Amino acid sequence: MKSPTPTPTTTPSTPAAAAGDERRGSIELRRVRKTYGNLAAVDDLDLTVRPGEFVTLLGPSGSGKTTTMMMVAGFEELTSGTVLIDGKPVDRLPPKDRNLGVVFQSYALFPHMSAAQNVEFPLRMRGVRAGERRKRAEEALARVGLAGLGDRRPRQMSGGQQQRVALARALVFNPAALLLDEPMAALDKRLREQMQDEVKTLQRALGISVLFVTHDQDEAMSMSDRIVVMRDGRIVQEGAPEDVYAHPRTDWVANFLGDTNLLPCKVLERKDGVAVVDLGSWGVGRVRDLGARGDTYAVSIRPEHLRFVDAERTENRATGRVLSSTSLGATIRHRLRVGEKDIVMRELSAGTRAGRGPDDEVSVGWTQDEAQLLVLEP
Amino acid sequence: MTSTATPVAATPVTAAVGADPPRGRPRRPRSAWLLLLAPVLVFDAVLFLTPIGRLVTQSTHDQAYQRVLKDPLVVRSMLNTFEISALSTLATVVIGYLLAVVIWRRGPLMRVILFALVLLPFWTGVLVKNFAWAVLLQDNGLVNSALQGLGITDGPLALLHNRFAVIVGMVHYLLPYAVFPIFAALAAIDDRLELAARSLGAGEASVFRRIILPLTVPGVSAAGLLVFIISTGFFITPVVLGGPGDMMIANEIDFYARQLTDFAGASALALLLTLVVSVLVAAYQRILRAGGEYEAG
């Protein structure tokens, strides 16, 4: 069955040329809402994936990230709002005409077709002739490191190989952008890290925009140009991975993206991105301030941002007692009690001063830039 | 399979005995296996193998095979049996596929309702169903009255006591046997395959032709095999709905046993039917295995 739409796939830049090349490969969501009955799965979402950008929707299950992706792909209808691909509204386009490469968590390879036939499928749907189809499928398989394995059936391939076939199939027709829905979730840790690197390398080489959906914060950190943290259908924070990690706006974001110590505080003064806070038994300290407003505040300090300091240092310092120290191989995790608060700190095993044992009196310190004032969510 | 002494239904039993225990479970000692199988073996021996054995011995008397094979009515009813069974199977599988797809595409509540409707004929006696069709299809029945009332036909169509009526009655009886295996095959398809196909540029027709249909081939062939084997044994339906020219082999066996009281001949016919069906089933499975590279993969 030939596709009725004569989408020119051999020349990827043609359709975008009319709309202006600068938006080729962009995905824009404007005030997108999706409600099921009274429940808003996605609530007034505004999001732009710029051409060539790798954007990750990060959130727990039920945060609306997959629904968002399904709406971009065209599998879910929007309740309101609009989605633009290449700068053109696609709300009336069925999935087959959106020209997006989608990779699903389970890969969704066609089990009755060989790897090569799977990769040829989108070309066949676009009416590409058999010879050309075979050639392009071979190239696509070679690009993901599967040269010569085209005759295998999906079930004869490992999880990593299947994932590569799915990737080749999603890329072979030069889609406007790639949508990846938790594509690594089924892989073991080592393979997952390897695939993360490979996908990232491939994405850079092709310069293709990616909308990536995951609940895995490590994956989001390692692959994204920009992370969009979602919760209950809304964006709670977005930014470069390092920024979101180092400067969470709320305690929820801080906890979702890694471990942190949350110290409740009173804000004494806020000026020029720096807040002076009263940390109770920790004394008064200076921390970074993004200007988030709320009823109650806390300071977030990541475990690796705390370090042992000499008692004489004055600023941003607290004194406490070691409860326990656990070696995790590359790092050591200390549990400390400072005032009434138990905190966790982590230091590299290499360069650790020996001889710190339980019940030792210690002083810990942090720098102003590594401590973040945030809003405690009710 | 080729020996007359091995009936069709014995095949699954032997297959189950010879099969390896499922992977991942601890292997039990052989004695435990036999113990667990004992009830089935006893049941089969008493109620299946013994009567079959009697059939075999009876059929060797009085040159029964030579006699029945010379009977033109036997040859005729054999041919009838395979023609009617083939047509019924084809119609049942096609209609069953459509029904299964309709049920598969509905939500959970509609599924239950539709399944109940499919199962309704299952729970009704075959005789009741046959007479219901006879009432519907007779000259002044509902169908003919409707056709004439609407001015589509001038006089009554001959809908009853012919091959058409037999096939209608059989398809009605057989539908659940096709719907369930086909539905099971459809339900086993990962929903995401369809989403993937659509995202890759496939429209409805392509999704069906290139994804759904090939993936349901095993279910369709299972349904076809089941329906065909059941078809060859129909007995009441040709009597109630068919004409004199639509008698099937089961009617002929009945005729030999009760009208002619020729039990040797009846036994020979029963075993001939079993043999021919066995050969056809074996050939069918061989063809499927050769063609089904997906399964072999």
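Helices (H or I, at least four residues) and strands (E, at least two) are DSSP runs, numbered from the N terminus. This is a predicted model: local features need pLDDT of at least 70, side-chain atom pairs count only at pLDDT 80 or more, and totals for chains, interfaces and linings use all residues. Residues count from 1 along each chain as written, chains are lettered from A in written order, and side-chain values use heavy atoms, without hydrogens and water.

**Exercise 1.** Describe residues 210-243 of chain B.

Solution. Start with the record: an unreviewed UniProt entry annotates 210-243 of chain B as "transmembrane region". Such annotations may be inferred rather than shown by experiment. Next, take the fold: the span is 82% helix and 0% strand. Last, take the ends: their C-alpha atoms lie 43 Å apart.

**Exercise 2.** How much area is buried between chain B and chain A?

Solution. Buried area is the accessible area (1.4 Å probe) that two parts lose on being put together, summed over both. Here the value is about 2300 Å². Carbon and sulfur atoms give 65% of that area. Arg192(B), Leu200(B) and Arg210(B) supply 30% of what chain B buries against chain A, more than any other three residues.

**Exercise 3.** Which side chains meet in a salt bridge?

Solution. Apply the cut-off: a side-chain nitrogen of Lys or Arg must lie within 4 Å of a carboxyl oxygen of Asp or Glu. The count between chain B and chain A is 1. The partners are Arg192(B) and Asp181(A), at 3.7 Å, N to O. Now place the helices: H9 (191-199), H10 (204-231) and H14 (293-296) of chain B each supply at least two residues of the side that touches chain A.
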